[in-house]
Amino acid sequence: MPEIKIISNPYKRKISYQKFDESEKVWKNIDVYNDGNSELLCTEMTDSFFPFKAKKIVDIILKEYKRSDSLLGLVFEGTDDEYIELESVCSEKYYQERIKLRKSESHLKNAHDILPDVKNIFMKMKPIIAESVKDSEKIESERKKFDDVSKEIIPLCVVGNYSCGKSTFINALIGYEILPSGDESLTAKIHEIKPSVNHRESTISFLYNGTKSQIHFEDDGYNIFSFNSDSPLLKKIDDAMNKETEWNLVKRIGKTLEIINLYDKETHDEKLDDLIHITVPFNHNSVLGRNAERFIIFDTPGSNSATNDKHIQVLKKAMSNLSNGIPLYISEYNTLDSTDNEKLCNEISKIDELDSRFTMIIVNKADTANIDKENFYESDVLSQAIPRAVYSGGLYFVSSILALGSKNDGVFENKHYSKIYRNTSDDYNDSDSPYYTRLFDFNILPEQIKTKSIYESQRISNRVYANSGMYWIEKEIESFAKKYSSYNKCWQSWLFLSRMVDISFENIECKKKQLEESKEQRQHQLDKEKSELVDKIDSEAETLISAYSKQYHIDMYDVINKSSIYISAEELQKLENHIIKEVKVETNYNYQEIERNATFRSIGDKLKGNSVSESVGVLKEIGSLVKDTIGKTGELKGAYDEVEKISSDRVIEHITDLFRKTNNEAMANITEKSVMYWTECSKDIRQKIFDIVRNSDAISDEKRTELTDIILKYEEPDLKVCEDVVFEKSDFKNFLLRLGSIRIIGDYKVNKTKLVKFYNTELEKSIDIIFESVRQAHLLGFNKWIQALLNSVESNITELNPELRKLFALINSDKNEIMYLESRKDMLSQYAKEIEELMNWKTDTEI
């Protein structure tokens, strides 16, 4: 049976392919050298989002590699998330008859499973990042990106031509008529829309003449906060709000935005910034509304705007501290072939903060489009200009007016929209209507996703919401936010750390160059013999520190090994048996069991030795006993369930206590051994420096005696581990959360196999973290100590004049800074390795 392997890495956004060479029994890459004509090697099949291309990939594999006389083996190597999508494709009868699908032994963890660990690593990094930002503008710019990794925010960038209904679509997403809408262009600025914390409050803010102005709205009024209170724009807003005191919150926001847009059109006042910040309540009667805090919506002016280039730059700046954005391209059905949008499509695709693989083409006003199932051909739609340029796997039909009405019970501020909703909503709600319409039926999606969308959409009780097409659009956005955006967040976090390490390395090299220049200057000012003595001490110290660092891992091996006290399945089984035995006694389970068994024996005794006629005489009594036995058996089962539940809780409690205890003991043992190691090193290096000074002819006998006395009496290093290097509460909390996810098998029992593997894996990780934290802290402490010793010795080698004293101070400062930079780089490298390991291929069934 021929076999093809799909290797998908959603972290790196790459898909590759292999075929099994039966003669050599090895997997070989499908590449341009051996398979140059394969369609699998085109960019669409290697750089796309796998779930969107899964079916097409399978079809290509069948066409190119399927033999007519046998099944084709298809092996998938990647995440469970993506395997489920492939499995869905291959579950169709057509593929079942042609393909035998299986998972590879090698796999990647799902991003949403490792993201908590990534965030935990970043929390530990914060002090290092904060310190690094002081030293480098490059790091400061990178830090802004880093901040996004720990957030859940997903930007939704809404673009499209004038009059395509962008504002109405956004209002439908929000669930309220916030943005002004109509046939004319009403969006002159970029709107950044966030959900408000309080459902009864909203704000609009912007820069005017470089100063922030903010209007704060509540149900019963408003307040303007600004140092530009005399600006004509704010006066217009204030006048409008004072005239209409009965306006509700939504009406006030909408009217204010309308005034801002009209003011901009009429005056072209350059003092007014191009970005308007809005916080508004989102309607919770929808998928997006229930997850609103995870999204920021960017509403842009029409793509055929004369100032489009300027707006693109403003949009880029507004999104500069975000990532994982979804482009939503709005068009009408009859303008899908418009070429006005080509430039905008190209510009949007260049914004790094947007993931163009997830571009959603939204065909708005679909309720007025002339489409029906019989005359609808997907190929015709996809051949038009906009789909050709930006289609990536999702084209959706929607009626924004119907969607908005489904969320606000058909109550509109806009009378025209109210009329449209009243006249058409029945056709989207009443399945008996001859014009009954489900717009999600026209969506152009990968087949397995389309099937799922239809199945889920037709189960929604709010038919207008589902049939308007909005429900599935919001589900796709939610799916991206919950599942797929995590991959980019994890990858970006690793890239950020890698860049931080590179920047740290550049800083170190720069400092080393400064140090060498200062040393050279010192050499010119000191006499030759004394200069050589100082260099010899420095060189010996550097060699010894390097040797100590290498030997450290060897000397610490035994204590790490002894600290890694793992549990076995047998030990866990004994523990569980012991606990169950205790709980049975505590809950009187044994007594209930004895009672039930005694009833069983009573029935046997009644029947034993009796003739048939005599037995008939006791049937009533036996019937009563049987009924009693059945009742007691039921009670006993319930009691045993309770025993298992209590026992399960206690097993988990015992395991968590053991995990905590083992980590604390490991911390104590590793710290103790490490202190002993570096104390011995301090004695050794003092002796080596002592020998160099004692045997030197570069200094007088009196100076030699003074220096050797300084060296011998110099205090040993005080090696204290910082509080943040112990196994932190956040680590332990994460352990408990993940432990809970594997806690139960069936109703109550602990899954012992998984628990043993999980415990041992987590213990190994935590001990590695403890060891590395202690190592870095003690190495830094030792380096600080030795630098202080060297400073004391070298500054006393000669009577320093003011200029030399200043030079020595500069050299010592550079040495200390290099030491700190090296330590910081080591920690960042370690964190980068931890994140990289989380995203690496696994070859076992690790949880």
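What is the order of the strands in the open sheet of five strands?

## The five-stranded sheet

The open sheet has the order β3-β2-β1-β4-β5, with mixed pairing, where strands (E, at least two residues) and helices (H or I, at least four) are DSSP runs numbered from the N terminus, and two strands pair if DSSP finds at least two bridges between them. At the edges stand β3 (26–29) and β5 (99–103), each with a single partner strand, so one side of each is left without a neighbour in the sheet. Direction ignored, neighbouring strands of this sheet are turned by 30 degrees against each other on average.

Strand β2 (residues 14–21) runs antiparallel to β3 and is joined to it by four bridges; F20 has W27 in β3 as its bridge partner. Helix α4 (residues 80–90) lies across β1 (3–9), β4 (72–77) and β5, running at about 165 degrees to β5.

## Basis of the model

This is a predicted model, in which local features need pLDDT of at least 70 and side-chain atom pairs count only at pLDDT 80 or more, while totals for chains, interfaces and linings use all residues. Residues are numbered from 1 along each chain as its sequence is written, and side-chain values use heavy atoms, with hydrogens and water left out.

Most residues other than glycine have a negative phi.

I362 belongs to strand β14 (residues 360–364) and is buried, with a relative accessible area of 0%. Leaving aside neighbours within four places in sequence, I362 is in contact (heavy atoms within 4.5 Å) with residues including F169, L328, Y396 and I473.

## Helices α21 and α28

The axes of α21 (residues 528–563) and α28 (residues 752–795), which are lines fitted to C-alpha atoms over the stretch in contact, with angles from 0 to 180 degrees between N-to-C directions, come within 11 Å and cross at roughly 155 degrees. That makes α21 roughly antiparallel to α28, a term for angles over 145 degrees.

Definitions and conventions: Parallel < 35°, antiparallel > 145°, perpendicular 65-115°, else oblique. Buried < 20%, exposed > 50% of the residue type's maximum accessible area, 1.4 Å probe, protein only.
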